Amino acid sequence: YRVKVEKDFLVKTPFTAPVSVCWHNPPSFPENFRIKQVQKNVILLSWDRPTKDIYGLKLKEGVFYRIEKLFQGKKKVIEVKGNKFWDKITPSKKVCYRIRAVLDFKGTLIPGPKTPQICTKD
C-alpha cells in the first residue's frame with residue numbers, strides 16, 4: 001500500500017514508500033507436547049514440529065516457538081527455535097507451560113493456536 005495526500009491542485013505530497021504484508025495460514029499445534037523431569041530441579045519440554053497449517057495444508061519452513069511459562073500468578077514468554085527446552089524449576093512449586101508455533105512468512109509473523117497447558121506435579 002502507498003498513500004498520497006492531496007488538499008487541492010497546489011498542495012500535494014509524494015506517495016509514501018510502499019508497505020507490503022505477506023500472509024499464510026497459521027501453523028497448527030506443535031504435536032506430542034510433553035514434559036519430563038530430568039533431575040529434581042530440571043525439566044525438559046519437547047514437542048514435534050507441526051507439518052500442516054490449521055486447514056491441513058502443508059506448512060512452509062520458518063517456524064519457531066513461543067513458550068508461555070505460568071508460575072505463581074506470573075506469565076513469562078520464551079522464544080525458541082528448536083523443539084526442546086530445558087528449564088530449572090523449584091520442585092515444590094507448580095509450573096505450567098503452553099506452546100504455540102509461529103510462522104515467519106516473508107517477515108510477517110503468523111502465530112498458531114496455543115496447546116493446552118501441561119504442568120509439573122504439585
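F105 stands opposite T108 in strand 7, a strand that spans residues 108-111 and pairs with strand 6 in the antiparallel sense over 4 bridges. The structure is a predicted model, in which local features need pLDDT of at least 70 and side-chain atom pairs count only at pLDDT 80 or more, while totals for chains, interfaces and linings use all residues. Residues are numbered from 1 along each chain as its sequence is written, and side-chain values use heavy atoms, with hydrogens and water left out.

- Strands are DSSP runs of E with at least two residues, numbered from the N terminus, and two strands pair if DSSP finds at least two bridges between them.
- Strand 6 covers residues 96-105 and is largely enclosed by the rest of the structure, because 7 of its 10 residues are buried (under 20% relative accessible area, with a 1.4 Å probe and protein chains only).
- The hairpin of strand 6 and strand 7 has 2 residues between the strands, and K106 takes a positive phi near 55° there.
- Strand 8, residues 118-119, pairs with strand 6 in the antiparallel sense over 2 bridges, and its I118 stands opposite Y97.
- Strand 3 and strand 6 are also antiparallel, with 8 bridges; here Y65 stands opposite A101 of strand 6.

**Strand 3 and strand 4**

- Strand 4, residues 74-80, forms an antiparallel pair with strand 3 over 7 bridges.
- Within this pair, I78 of strand 4 is the bridge partner of I67.
- The hairpin that joins the two has 2 residues between the strands, and Q72 takes a positive phi near 50° in it.

**Surface patches**

- Patches are made of residues with over 30% relative accessible area and no salt bridge; like charges are joined within 9 Å, and nonpolar side chains (Val, Leu, Ile, Met, Phe, Trp, Tyr) within 5 Å.
- A salt bridge is a side-chain nitrogen of Lys or Arg within 4 Å of a carboxyl oxygen of Asp or Glu.
- A patch of positive charge on the surface gathers K52, K58, K60 and K106.
- K60 lies in the loop between strand 2 (42-48) and strand 3 (63-71), and its relative accessibility of 44% makes it partly exposed (between the buried limit of 20% and the exposed limit of 50%).
- F9, L10 and V11 form a nonpolar surface patch with about 380 Å² of accessible area together, by the Shrake-Rupley method with a 1.4 Å probe.
- L10 belongs to the segment before strand 1 (31-39) and is exposed, with a relative accessible area of 68%.

How values were computed
Lys, Arg positive; Asp, Glu negative; His and termini not counted. Charge placed at Lys NZ, Arg CZ, Asp CG, Glu CD.
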